[in-house]
Amino acid sequence: MSAEEERDPGIVLDEAEPEEGTTVQVDTLDENGEPESIEIPDALPVLPLKNTVLFPFLISPLLVNSKRSKRLIESVLTTPERLLVTSAVRGPVEGSPGPDDVYRIGTVHRVVRMLKFPDDSYRLLVQGVARVRIKAFLDSEDFLVGRIARIDEEGDAESVELTALHRTVGQQFGALVSESPRMSAEIQVLAQSLDDPSKLADLCAHHIELDVSQKQAVLEETNVTDRLKRVQAEISRSREAFSIENEIREKVQSEMGKTQREYMLRQQLDTIRKELGEAEDQSAEAERLAERIESAGMPEEAERQARRELDRLEQTPTASAEYGVIRTYLEWMTELPWSKTSDDRLDTVEARRILDEDHYDLEKVKDRIVEYIAVLSLKGDLKGPILCFSGPPGTGKTSLGHSVARALGREFVRISLGGVRDEAEIRGHRRTYVGALPGRLVQGLRRAGTRNPVVLLDEVDKVGTDFRGDPSSALLEVLDPEQNHTFSDHYLEVPIDLSQVLFIATANWMDPVPAALRDRMEVIELPGYTDEEKLEIAQRFLVPRQLEKNGVAPGSGVALTLPEETLQSLIRSYTREAGVRNLEREIGAVARKVARRVAEEGATGDITVPASELPELLGPVRFEPELAERGGAPGVAVGLAWTPVGGQILFVESTRMEGKGELKLTGSLGDVMRESAEAARSWLRSNGETLAIDATQATQQDLHLHVPSGAVPKDGPSAGVAMVTALASLLTGRPAHPDVAMTGEITLRGKVLPVGGIKEKLLAARRAGIRRVVLPEPNQKDVAEIPAELLKGLELEYVGSIDEALQHTLSAPV
């Protein structure tokens, strides 16, 4: 037995599919090709074979793994001759084949070798002995047993025709083996060495690619001459098939040249399909896309473009790279919601209830959404407004977009613009580029599935610009109600109606937003929350969410309670922010500490965390009131500043020393603040007599003005009043009131000019414990828009000049 036989897994019997095996002819001991000592009994076990036929005088490997077949083999091995009959199954059979499921012509085999493997399967080598006819099946419960009769071969072994056929078939089979990459040279040598025409016919029939019925027909042919003729016809057919395959391969190789292997394989597949007449797939796909175009409800121009691309698709070979590009384009076109809209919820009372359920306060935003719903219910068709929520982090801008979508009953799509620098992110890539896609807006519409979703453009103030274009400029068309009904995406190249989309942009501050883009949006400011508002938000939303997230909510076996004084301590001593993001983190930290304590100590029931336990859980207090430690000394004033994360108090410190009348400024001050300091000193020098300032100080002493937190860059005109107050306090020796904060720009003529960010500054003053705030007189109109509850506890003083400001900020002269 050759090495190839040893490697072959054999033929799987009964309930399994057959595997390819190598079958070799063995030397016989007599002139008939049958071992001399073997006699064929009248009855033998019958082993059904699925999807294969075995021939006489050949050795074949078999794999037996079904229980029924293994019982048959075990029974055969107990007999001296070790003989069995193999017969092919007629077709697919559920379960074990019965007498009616197998052919009545089979082959007697002798088991030459049997090996048992660890998976409890048997691997056998069987040698064909003779053709037999199964005359009848005997009763047997374990396996099939048949009464058999040997079939004698017909034909004149000395005829000229048989001799010629023998020679011709041998030559043609040898040529087939040399042409086929699936047959080894050993088979060709074996065929040339056979002198028996019957054995040659059986060998050829076994190795030619024939189905079971064709091989069975060869097995049942008893006339050797007719069997050789049948085999010769099949060999000719196989050689012709190999010739066509080689012709196709050569044709494809000459056409493709140095193209990639994948492309060449696709061409081969396409050519084969054409030869077989199976090129209907492309037309079926074109029909499918045509139906989707018809049902998509596209505008006339879009449908015309889609059908033009569909015509191109039908004329493009499937193996072409352009075919995939066109198909992807048509899939995008048919998946967009050209005519699908969601029904708006036009109940203003219900919409307001949903908004109040999700967010506390934010009355201006809620009123604007309710107004939009009211007008939509009256008019029936209204272009979506373009809102921009501007405010510090943690004030609920993004979550407010979710609530607006829920209140309207629309789909919600969030598009993050932070760090976007490529215009194609908005307008899409042109299809000439590899991997081109539509812009994020079109992708969002496809995800939403409707043409009127709520689209949140998050972090619009952080859009960048580089050599790839300006995304902010691309947003001009998107956010312009007069243009966005014909928005053009570079990938689709057809107008898209965005007028029904409700756009909501968010920004921390509006200064980086280009003026043209800012002009297209209705800006609604979310300045931040007071301590009272934070407490209400914590009790309504933050505490329940964090308790649920950390497993200490009521109903979980352990119920954590955070009293009002504990939350107030968290707000004032462990956070200092305009929003509530850090507050939620600290509440979550407390909940986790309690959860750990419960897990380690096994505590149950209600657990209350008083404010006195916070240092033990969260560490030392992080924020102490700064007014007490800095107030009362001459040369210190408290200013108010606006930042992208909310308002802040700003200490301005000054000192003097012997020198030449120079002014030194430190604290990472910008040009505007430096100019304010110079203006403050110049005004004090020119009005020194009024304030009883010694004139010699201006030439004999140097002044040093410092704003703490030197690592943080600072700029803006708002610190003018604070700087002149700090210098006046230093030069007159009159301390500034520690509970008074101030803001305003100054001029050399002593005027106090208005500044922005009044609401944020007043909130910062409240958080810091300020009692009085000095504001420019023209800013009274800004204060009028601030709810009265935000001003509770604050005394506002309006001034129009530096003299008036100093009267309110400096203590009385001694």
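Predicted model: local features only at pLDDT ≥ 70, side-chain atom pairs only at ≥ 80, totals over all residues.
Is Y329 buried or exposed?

1. Y329 first. Its relative accessibility is 0%, so Y329 counts as buried, the cut-off for that being under 20%. You'll find Y329 in helix 11, which spans residues 321–335.

2. Now for its partner. The model has 2 aromatic pairs, and in one of them the ring centres of Y329 and Y491 sit 5.9 Å apart. Their planes make an angle of 50°, so this pair goes down as tilted. Y491 belongs to the loop between strand 12 (487–488) and strand 13 (495–496). With 162 residues separating Y329 from Y491, the pair links distant parts of the chain. Y491 is buried too, at 3% relative accessibility.

3. Have a look at the face of Y329 as well: R431 lies over it, 3.9 Å from the ring centre. So Y329 deserves a look from both angles, since its ring pairs with Y491 and also has R431 over its face.

4. The tryptophans come next. W509 and W642 form a tilted aromatic pair, at 5.7 Å centre to centre and with 40° between the planes. W509 is in the loop between strand 14 (502–507) and helix 18 (515–519), whereas W642 is in strand 18 (residues 636–643). This pair also links distant parts of the chain, with its members 133 residues apart.

5. As for accessibility here, W509 is partly exposed at 28%, and W642 counts as partly exposed at 33%.

Technical notes
Residues numbered from 1 in each chain as written. Heavy atoms only, no water. Phe/Tyr/Trp six-rings, centres within 6.5 Å; stacked < 30°, edge-to-face > 60°. Helix = DSSP H or I, 4+ residues; strand = E, 2+ residues; numbered from the N terminus. Buried < 20%, exposed > 50% of the residue type's maximum accessible area, 1.4 Å probe, protein only. Lys NZ or Arg CZ within 6 Å of the ring centre and 35° of its normal.
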